[in-house]
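Please read the points below with the sequence and the model open beside them.

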Amino acid sequence: MTWTELVMGAAAEHDGDPTMTDVRTGQVLARSVFARRVARVAGGLRARGLRYGEQVLIDLPLGIELAVAVHSVVWAGGVAALHTRGPARMMIAERVKGPVRTDVEHVFTVEPAPGSQPFSDLEGERTVDFGPLCGPALVLYGGRVLRLEELTGHLRKIDEELLLEEWDTVLAAVSGQPDPFKGLWVVDIAMTAGSSVVIAQDPSVLCCRVLIAEHAISVTIAAPELARKLSADPELHVLDERAIVRSLGL
């Protein structure tokens, strides 16, 4: 199984369970819905001419829509770039920020905006049932390219190391700017394990404590300084975000 297959495969096995809770937007997405959205958005990208290996710029904050966008692009055979640099015919953003580059033919936005198409328009009847097996998949904010087989191998490895269970709920309290990859990686890890995940970008210690109590969080993965402060409470299971990306050299 590939990177996205691991995430969507776990999604299919736990139909109906809320996997992602986006604290910023209040959105909750069931695993089964996530898998369907990825397949349909991938179909919409293919229908608009996305070619294998073609880069799609993604300018979204850490959250549910980021996870859907990235995995849809990769499932369709494209390369998801977590920045707005370099050549591209397509871009997925939260909103339009200033003039759109002339080389970008299709701009899809989560929030309605003149001159752009709604991101939701990509979800049609056409689906992609089989994604690529190898090749470039993700471009980080700093420009590093991660291949599909590389992401697959590291996701399997971290899944075996963390030993998360289906009844776990993970709090993703990671640093989300300027590169949201670490938060995306926490979502992938949780979904692969069949665990639920609550996404909170750059939260405070107080915010984390509220979310831990409110969502019955069993594992918190946090930015270094935040992890240090939360670890002072022996009753909390806290991991430094650096531990989950160390094998990737990040």
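1. Strand β12 and strand β13 (residues 238-240) run parallel and are joined by three bridges. In β13, Leu239 is the bridge partner of Ile221. Helices (H or I, at least four residues) and strands (E, at least two) are DSSP runs, numbered from the N terminus. Two strands pair if DSSP finds at least two bridges between them.

2. The basis of these points is a predicted model, in which local features need pLDDT of at least 70 and side-chain atom pairs count only at pLDDT 80 or more, while totals for chains, interfaces and linings use all residues. Residues are numbered from 1 along each chain as its sequence is written, and side-chain values use heavy atoms, with hydrogens and water left out.

3. Strand β12 (residues 219-222) is covered on both faces: Val219 and Ile221 on one side, and Thr220 and Ala222 on the other, are all buried. Buried means under 20% relative accessible area, exposed means over 50%, and partly exposed lies in between (1.4 Å probe, protein chains only). In a regular strand the side chains alternate between the two faces of the sheet.

4. β12 is also joined to strand β10 (residues 169-173), by four bridges in the parallel sense. Ala222 of β12 is the bridge partner of Ala173. β10 pairs with β11 as well, again parallel and over four bridges, and here Leu171 stands opposite Val198 of β11.

5. Which residues of β11 point one way, and which the other? Ser196 and Val198 point one way, Val197 and Ile199 the other, and all are buried. Val170 lies in strand β10 and counts as buried because its relative accessibility is 1%.

6. A separate point concerns the open sheet, which is formed by seven strands in the order β7-β6-β5-β3-β4-β8-β9, with mixed pairing. Its edge strands are β7 (117-118) and β9 (145-147), each of which pairs on one side only. Within this order, strand β3 (residues 55-59) runs parallel to strand β4 (residues 79-81), and three bridges join them. Ala81 in β4 is the bridge partner of Leu57. β3 is largely enclosed by the rest of the structure, because four of its five residues are buried.

7. Leu163, in the loop between α4 (148-162) and β10, has a phi near 55°, a positive value in a residue other than glycine. Leu163 counts as exposed because its relative accessibility is 60%. Asp202, in the loop between β11 (196-199) and α6 (205-214), also has a positive phi, near 50°. With a relative accessible area of 46%, Asp202 is partly exposed.

8. How many aromatic pairs does the structure hold? It holds one: Phe181 and Trp185 are stacked, at 5.5 Å centre to centre and 25° between the planes. Rings of Phe, Tyr and Trp (its six-membered ring) pair if their centres lie within 6.5 Å; planes under 30 degrees apart count as stacked, over 60 as edge-to-face and the rest as tilted. Phe181 and Trp185 are separated by about one helical turn, because they are four residues apart in helix α5 (residues 181-193). Both Phe181 and Trp185 are buried.

9. Arg85 lies over the face of Tyr141, 5.2 Å from the ring centre. A charge sits over a ring if NZ of Lys or CZ of Arg is within 6 Å of the ring centre and within 35 degrees of the ring normal.

10. The largest pocket has a volume of about 210 Å³. Its lining has 15 residues, and the closest to the pocket centre are Ile58, Asp59, Leu60, Gln177 and Pro178. On a 1 Å grid over the protein atoms alone, a pocket is an open set of points where a 1.4 Å probe fits, with protein on both sides within 12 Å along at least five of seven lines; lining residues have an atom within 4 Å of a point. Grid points are joined across faces, edges and corners, and a volume is the space filled by probe spheres set on the points.

11. The lining of the largest pocket divides into seven nonpolar, four polar and four charged residues. Here Ala, Val, Leu, Ile, Met, Phe, Trp, Tyr, Cys and Pro count as nonpolar, Asp, Glu, Lys and Arg as charged, and the others, Gly among them, as polar.
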